[in-house]
Amino acid sequence: MNDEELLKQNVHIPSAEIEQDILDTQAEIARMEMEAQYFEKTPLSMPDARLNHMKAQARRTGIKEREEFISKLQKILDLRKQ
């Protein structure tokens with residue numbers, strides 16, 4: 001998707017709302033990071049280690065998706081400023 005299309009698809013969303021989405025998503029990332037670290041600390045000798053490490057990996061994937069979302073939102077804001 002090029003910059004013009006990105007702007008056209010999101011013209012109905014106020015910049016203040018985008019900025020709030022960025023802040024909310026950053027808070028989500030921080031929470032998910034703490035959860036991932038918690039799950040990763042599970043010793044491999046524990047019965048639920050495999051499940052907890054899978055949960056940690058799911059959090060890491062979610063974090064990456066949210067970081068990409070923030071990048072997209074930031075790009076929209078940057079394009080609006082031009």
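**Terms and values**

Mentor: At 8% relative accessibility, Asn 52 counts as buried, where buried means under 20% relative accessible area, exposed over 50% and partly exposed in between (1.4 Å probe, protein chains only). This is a predicted model, in which local features need pLDDT of at least 70, side-chain atom pairs count only at pLDDT 80 or more, and totals for chains, interfaces and linings use all residues. Residues are numbered from 1 along each chain as its sequence is written, and side-chain values use heavy atoms, with hydrogens and water left out.

Trainee: Why is Asn 10 called buried?

Mentor: Asn 10 has 12% relative accessibility, and therefore counts as buried.

Trainee: What joins the side chains of Asn 52 and Thr 42?

Mentor: A polar contact of 2.9 Å joins them; the term denotes a pair of N or O atoms within 3.5 Å, and within protein one must be able to donate a hydrogen and the other to accept it, while residues adjacent in sequence count only if both atoms are side-chain atoms.

Trainee: Where is Asn 52 placed?

Mentor: Asn 52 is in helix α3 (residues 49-81); helices (H or I, at least four residues) and strands (E, at least two) are DSSP runs, numbered from the N terminus.

Trainee: How many helices and strands does the protein have?

Mentor: The protein has 3 helices and 0 strands.

Trainee: Why is the protein called more spread out than a compact globule?

Mentor: Its radius of gyration is 17 Å, well over the 12 Å that the globule rule gives for 82 residues, so that description applies. The radius is taken over C-alpha atoms, and the rule is 2.2 Å times the number of residues to the power 0.38.
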